[in-house]
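Notebook open, model loaded. I wanted to look up a few spots and jot down what turned up.

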Amino acid sequence: MEYIISACLCGINCKYSGKNNFNEKAAQLFNKGLALPICPEVFGGLSTPRASAEIVNGDGMDVLKGIAKVISKDGIDCTEAFIKGAEKTVEIAKKLNIQKAILKANSPSCGYGQIYDGSFSGQKRKGNGVTAQLLLRNDIEVYNELYKIY
């Protein structure tokens, strides 16, 4: 395995809406046996479908520091589940010695470089999701599906 990859990009219906974010190139990596699909939100115990969530008052780094929270659109604090899912993702990557991740852009878990801003208005801000940040902290390279690395 060369990559861990957001399962929704491989066509797995684990997105908050119960659907996926199919990406042809990501699916090809999976089909060739080069990528292991993961969904940190499901790993954290969240159901599919579920209410959408965003990081409020910060980014993934702030969540890991305990100064920001992940809140669902219906007001439920999902922070613990997002951290648990990120930890499980890192654990799997380390056990399999996977050094690269391709994650779903803008997600509060997987977003790399920018995420939704916590207002549920579609606005974005600079920052990483919780899983992306924890992977980076553990020296795993992170990309999103918008990069042309594969």
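I started with Arg50, which counts as buried because its relative accessibility is 14% (buried is under 20% relative accessible area, exposed over 50%, partly exposed in between, with a 1.4 Å probe and protein chains only). This is a predicted model, where local features need pLDDT of at least 70 and side-chain atom pairs pLDDT 80 or more, while totals for chains, interfaces and linings use all residues. Residues are numbered from 1 along each chain as its sequence is written, and side-chain values use heavy atoms, leaving out hydrogens and water.

Where does Arg50 lie? I found Arg50 in the loop between helix 2 (40-43) and strand 3 (53-56); helices (H or I, at least four residues) and strands (E, at least two) are DSSP runs numbered from the N terminus.

Next I checked its partners. The Arg50 side chain reaches the backbone oxygen of Cys14 at 2.8 Å, and a polar contact of 2.8 Å joins it to the side chain of Glu41 (a pair of N or O atoms within 3.5 Å; within protein, one must be able to donate a hydrogen and the other to accept it, and residues adjacent in sequence count only if both atoms are side-chain atoms).

Then I moved to helix 5 (residues 130-137), where 6 of the 8 residues are buried, so the rest of the structure largely encloses this helix. I noted the buried ones as Val130, Thr131, Ala132, Gln133, Leu134 and Leu135. Just after helix 5, I saw that Asp139 takes a positive phi of about 60 degrees.
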